[in-house]
Structure formats: C-alpha cells, structure tokens
Amino acid sequence: MKASHRQPQDTYVQQLVAQICATITASFPEATFEIAAHPTQRGAIIDAHVVTDDDFGVLDLLNPTLDELLLSEDIAIYVRALGPV
C-alpha cells in the first residue's frame, strides 16, 4: 500500500483511515491512497487509486462501516474510488 498523507490530526481518525485502507488493499493490492483531513467535520477524505471498472466494487466494501461511523460517532470519512495515478 502506498499512501500520500495530509493526515487528520485526530489519532482515532488516523486509525480508522488505516483500517479502511487495509480493507481496500485486501481486495485491491495495487491500491494507492491520498489522504486528507475533512475540511469541515471530524474525519477524512480518502482518494483510493485502484485499477477497476467498477467503483462500487471499492465502495461496497466500506459503505456500511462509513455510514455507521457517521451516524454513531459523527465521524465523516469519504472514500473516492479513482483510477490509477
């Protein structure tokens, strides 16, 4: 996994981001990531660069978890599935 970071300051959010990236990498070993702090909420924005024709193949791995984080902990982590860098 290769990641370019402008990390969120919150260590708990950093741990969540690492788990999310690991989940993506388990299915897409060639994935690379660009990570930034969310601009307006506690959370992060993850650009996942993967080789796939189906963005939902990436997003379906994560959506229940991301929804639960937002609803139960008010942590906004957004993942954008992008093509390779």
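Guide:
**Charged side chains**

Asp53, Asp54, Asp55 and Asp60 form a patch of negative charge on the surface. Patch members have over 30% relative accessible area and no salt bridge; like charges are joined within 9 Å, and nonpolar side chains (Val, Leu, Ile, Met, Phe, Trp, Tyr) within 5 Å. Asp and Glu count as negative, Lys and Arg as positive; His and the chain ends are not counted. The place of a charge is NZ of Lys, CZ of Arg, CG of Asp or CD of Glu.

This is a predicted model: local features need pLDDT of at least 70, side-chain atom pairs count only at pLDDT 80 or more, and totals for chains, interfaces and linings use all residues. Residues are numbered from 1 along each chain as its sequence is written, and side-chain values use heavy atoms, with hydrogens and water left out.

Take Asp53 from the patch. Asp53 sits in the loop between β3 (43–49) and α2 (55–59). Helices (H or I, at least four residues) and strands (E, at least two) are DSSP runs, numbered from the N terminus. Asp53 is exposed because its relative accessibility is 88%. Exposed means over 50% relative accessible area, buried under 20%, and partly exposed in between (1.4 Å probe, protein chains only). The areas come from the Shrake-Rupley method.

Now Asp47. Asp47 belongs to strand β3. Its relative accessibility is 12%, so Asp47 counts as buried. The side chains of Asp47 and Arg80 make a polar contact of 2.5 Å. A polar contact is a pair of N or O atoms within 3.5 Å; within protein, one must be able to donate a hydrogen and the other to accept it, and residues adjacent in sequence count only if both atoms are side-chain atoms.

Arg80 and Asp47 also meet in a salt bridge, at 2.5 Å from N to O. The term needs a side-chain nitrogen of Lys or Arg within 4 Å of a carboxyl oxygen of Asp or Glu. Arg80 lies in strand β4 (residues 76–82) and Asp47 in strand β3, so this pair ties together parts 33 residues apart in sequence. Arg80 is partly exposed, at 45% relative accessibility.

The structure holds two salt bridges. One of them joins the side chains of Arg42 and Asp10, again with 2.5 Å from N to O. Arg42 lies in the loop between β2 and β3, and Asp10 in the loop between β1 (2–6) and α1, so the pair ties together parts 32 residues apart in sequence. Arg42 is partly exposed at 38%. Asp10 is partly exposed at 25%.

How values were computed:
Accessible areas come from the Shrake-Rupley method with a 1.4 Å probe; for residues, only the protein chains shown count as cover.
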